[in-house]
Amino acid sequence: MHLRCVDCGERHPPALLYACARCGGVLEVAGESGLAAPADPSLRDSMWRDAARLGVLEARHIVSMGEGQTPMRRAPRLEAALPGFRGEIWLKDETRNPSGSFKDRLVSAGLSKALELGARGVVCASSGNAGASTAAYAARAGVPAVIVVPAHTPAGKVTQIAAHGAVLLLVEGHYSRSYDLARGLAERHGFANLTTTFLNPWAVDALKLAGLEIMERLGGVAPDAVLVPTGSGPLVKGVAQGLGLAGAAARLVAVQAAGCAPIVRAFEAGEAAVTAWDMPRTIASGISDPLIGYERDGTYTLRLVRNSGGLAVAVEDDALRRAMRDLARLEGVYAEPTGASPVAALRQMLAAGQLAPEARVVCMITGHGFKDGAAFAEMPARTHRVADPEDLAAVARLCDHALAEKD
Ligand SMILES: [Zn+2]
């Protein structure tokens, strides 16, 4: 097992390394630990069932709370709500991870490996979810954590990070400023950096299991497309890699918010490289990443998308709100704006003829609605105050009226 640069192919020893020493490129884990399946039943109910495929060499270093192996279900009412659609929509429900987002996969793997390599603490720059995950897993492991997030991060995420006792630094401005500060702090304190862009190869490596889980759920038959909410894009890589390990492939669709879409811009312009986005403006905090200073991450994701025959799609905030409502009201899934973005993209791609009406697609629902309740609170709802609960007839009339309302 070693680290390999995805750009120049240079090999590096298995260590806490965050970029290729020769060219500065993204590193990935090459090889697998071959670790025996853990005897602990609680680990067998997590992604560590497949410990052999991950990078940790000794089971005693594993920090787990039941991450991965998330449910994947058909969405029949959502399918029926899309005009002309005759295919299948599958929701990979990553909200069901311990801290409410797919970041738990990265953090469990990254933290476990960091401890094995001797780290005494962790730093993480985050738009919220990775920070909440890192804070939770650090608490579980009993190691100090410093989390750096933009000052405008949704309250639900900030509260979650603080609850776990992490040192929380709120930084004015966009995410890339938090990213830079975390790099400096990790170096200064000698802490491992669990920032979940492509920075930590041990963390990103675990996302391939999400792709493998998709194939297992679909009985070994590849979907036509997998739609992935995309900031810098590690989950795009994970899905591609996992499908590949199962001998399959699918079109990868990188979904970004129209207010922060550096990868989509490069895709549509036919560019070979991604350039940074100036000023992100979107309600989708989880993918509000301008990539300033690590544009290469975006370029790598762009390459993966193109190689798969897929595309990059930008969705407006109003389309995100509609997708959140669709998921919540048609399928009972409560997702934050970023988590609903694949559903917004799906509607848009069908309307634009970018997806066959009989396609079988998987939507990665990456983050829980609890994390950004304000995004739902701003939407119309069928909520009424009851002044006199003893007047049953009046309340029943109110309900009749409300139940008859059309959406
Ligand atoms: Zn390199």
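The entries below go from the zinc site to the sheet, then to the cavities and pockets.

**Entry 1: zinc site**

I kept in mind that this is a predicted model. I looked up the zinc donors. They are Cys5 (SG), Cys8 (SG), Cys20 (SG) and Cys23 (SG), at 2.2 to 2.3 Å from the ion. Next I checked the geometry. The four donor atoms make angles of 100 to 116 degrees, and the site is tetrahedral. Along the chain, the donors of the zinc ion are spaced as C-x2-C-x11-C-x2-C.

**Entry 2: sheet**

I asked in which order the three strands of the open sheet run. The order is β2-β1-β3, and the pairing is antiparallel. β2 (11-12) and β3 (27-30) are at the edges with a single partner strand each, so one side of each has no neighbour in the sheet. I followed one pairing further. β1 (residues 2-5) meets β3 in the antiparallel sense over four bridges.

**Entry 3: cavities**

I searched the whole structure for cavities of 30 Å³ or more and found two.

The largest cavity holds about 300 Å³. Its lining has 28 residues, and Phe102, Lys103, Ser127, Gly231 and Gly286 lie nearest the centre. I sorted the lining of the largest cavity by class: eight nonpolar, 17 polar and three charged.

The second largest cavity has a volume of about 50 Å³. I listed its lining: Val26, Leu27, Glu28, Val29, Phe198, Pro201, Val204, Asp205, Lys237 and Gln241. β3, α7 (201-204) and α9 each give two or more of these residues. The largest share, three residues, is from β3. By class I noted six nonpolar, one polar and three charged residues in the lining of the second largest cavity.

Why does the second largest cavity lie between domain 1 (1-31) and domain 2 (72-100 + 204-377)? Both domains give residues to its lining, so the cavity lies between them.

**Entry 4: pockets**

I turned to the open spaces. The largest pocket has about 290 Å³ of space. It is lined by 19 residues, with His152, Pro154, Thr282, Ile283 and Ser285 nearest its centre. Its lining splits into eight nonpolar, eight polar and three charged residues.

The second largest pocket has about 170 Å³. Of its 14 lining residues, Gly24, Tyr179, Arg183, Tyr294 and Asp297 are closest to the centre. The elements giving two or more residues here are α6 (175-189) and α11 (295-307). α11 gives the most, with three residues. I counted seven nonpolar, three polar and four charged residues in the lining of the second largest pocket.

Which domains each supply at least three residues to the lining of the second largest pocket? They are domain 1 (1-31) and domain 2 (72-100 + 204-377).

Note on methods
Residues numbered from 1 in each chain as written. Predicted model: local features only at pLDDT ≥ 70, side-chain atom pairs only at ≥ 80, totals over all residues. Heavy atoms only, no water. 1 Å grid on protein atoms, 1.4 Å probe; cavity = no way out; pocket = protein on both sides within 12 Å on 5 of 7 lines; lining within 4 Å. Points joined across faces, edges and corners; volume = space filled by probe spheres on them. Nonpolar A, V, L, I, M, F, W, Y, C, P; charged D, E, K, R; others polar. Domains from an automatic or database assignment. Pairing = 2+ DSSP bridges. Donors = N, O, S within 2.8 Å, 3.2 Å for Na, K, Ca; no water. Tetrahedral: all angles 85-135°; square planar, octahedral: opposite > 155°, others 65-115°.
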